[in-house]
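Subject: The two-chain model, over to you

Hi,

Here is the structure I promised to pass on. Have it open while you read, and my notes follow just below.

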Amino acid sequence: MANPFSFFGGFKLTFQHLARPTVTTSYPQAKRPKQPRQHGRHVLNRYEDGMEKCIGCELCAGVCPANCIYVRGLDNPPDHPVSPGERYGYVYEINYLRCIHCDLCVEACPTQAITESKMFEFSFTNRSDAIYTKAELVVDDEGFPQRLPWEDWREGEAAMTGGWMRATSPAGDASFEGVVQWTGDLGVGVRAPEAGQSDNRDDVATGSKQLRNVFPKHLEPQDVPLDQRGLQGAINNARAKMPRRKPKGEQA
Amino acid sequence: MNWIATVDPLFVHGTTFAVILIVIIKILAGFGLLMGSVILMIWFERKAISDMQSRIGPQKWGPFGLLQTLADGMKLMFKEDLVPAEADRFVFKLAPYLVLVPALITFSIVPIGGTIHVAGHVIQLQVANPPMGILLMLAMSGISVYGVMLAGWSSGSKYPLLSSVRASAQMISYEAALGMTIVTIVLATGSLSTHDIVAAQGHGIWHWNLIRLGVVPFIVFIIAITAELNRPPFDVVEAESELVGGFHTEYSSIRFAIFFLAEYMNTITMSAIIVTLFLGGPAGWVPNVPHLRWVFPIVWFLVKTVGFAFCYIWFRASLPRMRYDQLMELGWKRLIPLSLGWMLIVAGFLVARGWGFLMAALVLLAWTLLTRAFELGQTRETGPQSVLPMVGERPLPGRILRDMTDGEES
């Protein structure tokens, strides 16, 4: 026979929830921090010398499961080349009514020309606005994504374009973890690597925050990570918040 | 006019203009109190349940979303008032008022505070104190069943009809248990009037019916009244996952608002009734403050009522909806025998201690027999070979076939 008082367990739980913080945020006023590898609106990157990275190979269009990318390549004009390669992306269009933000195009791109920013809050009043052309996608002369009037950019979203790309090592080989495998971007140079699943993440350089540090107060007691529980957890959190004397790169 | 004086001490000096004015003020105050508390109750329920579910709840209209109910009411008022083509138009339009008016009338018998003296008139802080008292509440809850039932029936649609069938069965079966516990209280008090019931509990916490009658009638009453209110976990009448919206599926605009209002009004009224019957109503500690002694009973009453209103919200957040057959089983097999048995025991103890123990023994015996009977009923085998005929199960064509042939089909 089960404990008859276990019937009141549900009452206890709902009562405890009165004191817990709400999970819901009142969205337009209060916005939750985005995930470090959030998939948002695409960006067409340029090299540090201003050349476009896209070579018009159409691999992104081929891999796209939603058929939302339309690319046409063209031979570079010899007197003023657009990209360092043989060809460049003459037409580049993404239909955001179809895009599912799966990031397969980013994975397919051989030159890291297309990456995704974290910005997802954009809406249109007509269908033609939903089709982003090169005019909107290519980064500006400072190397940052264009902020279109109907888009809601938040702080630091442009800095994290292609977050997951810089977190993954080729073919999952651990020895490549943290090794820079990408070229520099216009305006920001070579971006810092994210150290994947290993402990030596560089959260300061990439501006990311681990979710397990953000959410424990919403979790059930038994689901809170061990190093976040009780007094020890409070000490750990306080230590993490303290300004570091030396950046991690200098210690190594 | 002497008989009127027994109804309310207000009429002791005869019916004058002042008396009529006081009665009108009492009615208006009661109505205003109920309406205001309904608005707060809806807000409180939405806010509390969203806290329990880690949500935010209403927050846009007024401070903490307090005016949300008014905004909702305004929206409903301006919506199109639809009467379905298949509906019985007169009954369809009548039904909301059959729910609303009993909800209002029931509140009138609740004593909110003690008595106050104004210009030589003794005023009881309750809208009316009829000698039949608590019977009025039973009668009104009986009438509000008609409201729900007729609303479902007159909609001319199948889900409301199913809901109204459920409503009538559920409310009637739980009314039996409800009535039995009220009889227990009336036996102990010796009066039907709510004023007397409260007065009998006024001498401290050990005189509250909650403790004086044992806790059982209180538990039975709170379960039965939750079922009577159609509130979760007994809200099979408006089970939105089964019956769309239940009896008010076809209602829109202000008629729907009336149903909604009446439901919450009933919740408050029933909280108040529980407080009146079991927790001594306005009884509580009164500090000796000059001129303000009459305030404290009202505060006590409000605190207790809000406590029970919170309990209903808590039930809703914690308990899953019961299945219809479980609901009926709880009502008929558990609550009615329990309340009946407890009533007999209490009645026995009221006569003499010996009778009480005798009754307790008899009830225990009957309880054992009943439990055994239910056990047998649960485990009985139904089928072509069983002695008992099948109940509530339609013979399938396959079984009929098997009956006609020799044995099991291979």
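Let's start with chain B, where the C-alpha centres of domain 1 and domain 2 lie 32 Å apart. Keep in mind that this is a predicted model. The domain assignment puts residues 2–322 of chain B in domain 1 and residues 337–376 in domain 2.

Where do these two domains of chain B touch? There are 12 residues of domain 1 in contact with eight residues of domain 2. On the domain 1 side, the elements that give two or more residues are α6 and α9 (216–228) of chain B. The largest share comes from α6(B), with seven residues. Sorted by class, that side of domain 1 of chain B has nine nonpolar residues, three polar ones and no charged ones.

Helix α5 of chain B covers residues 134–154 and helix α6 of chain B covers residues 158–189; they pack at an angle of about 175 degrees, and their axes are 8 Å apart. Angles over 145 degrees count as roughly antiparallel, so α5(B) is roughly antiparallel to α6(B). From α5(B), the residues making the contact include B:Leu138, B:Val145 and B:Trp153. From α6(B), they include B:Leu161, B:Met171 and B:Glu175. The residues of this contact divide into 14 nonpolar, seven polar and one charged.

A few overall numbers for chain B, in case you want them. Its secondary structure comes to 15 helices and two strands. Of its 410 residues, 39% count as buried. If you take the contacts in chain B between residues at least 6 apart in sequence, 72% of them join residues at least 24 apart.

Three strands make an open sheet in the order β2-β3-β5 (chain A), and the pairing is antiparallel. Which strands sit at the edges? Those are β2 and β5 of chain A, each pairing on one side only.

You can follow the pairing strand by strand. Strand β2 (residues 69–75) and strand β3 (residues 87–95) of chain A pair in the antiparallel sense over seven bridges.

You'll find A:Glu151 in the loop between α5 (134–137) and α6 (203–206) of chain A. Is A:Glu151 buried, exposed or partly exposed? It counts as partly exposed because it has 18 C-beta neighbours inside 10 Å. Leaving aside neighbours within four places in sequence, A:Glu151 is in contact with A:Met119 and A:Phe122. As for A:Tyr90, it is 61 residues away from A:Glu151 along the chain, and their C-alpha atoms are separated by 25 Å.

Last, the place where the chains meet. Chain A gives 10 residues to the contact, and chain B gives 10 residues as well. The side of chain A that touches chain B has three nonpolar, six polar and one charged residues.

Cheers

Conventions
Residues are numbered from 1 along each chain as its sequence is written. Chains are lettered from A and ligands numbered from 1 in the order in which they are written. This is a predicted model: local features need pLDDT of at least 70, side-chain atom pairs count only at pLDDT 80 or more; totals for chains, interfaces and linings use all residues. Two residues are in contact if their C-beta atoms, placed from the backbone, lie within 7 Å. Ala, Val, Leu, Ile, Met, Phe, Trp, Tyr, Cys and Pro count as nonpolar, Asp, Glu, Lys and Arg as charged, and the others, Gly among them, as polar. Axes are lines fitted to C-alpha atoms, for helices over the stretch in contact, and angles run from 0 to 180 degrees between N-to-C directions. Helices (H or I, at least four residues) and strands (E, at least two) are DSSP runs, numbered from the N terminus. Angles under 35 degrees count as roughly parallel, over 145 as roughly antiparallel, 65 to 115 as roughly perpendicular and the rest as oblique. Two strands pair if DSSP finds at least two bridges between them. Domain bounds come from an automatic or database domain assignment. A residue is buried if 20 or more other C-beta atoms lie within 10 Å of its own, exposed if 12 or fewer, and partly exposed in between; C-beta atoms are placed from the backbone.
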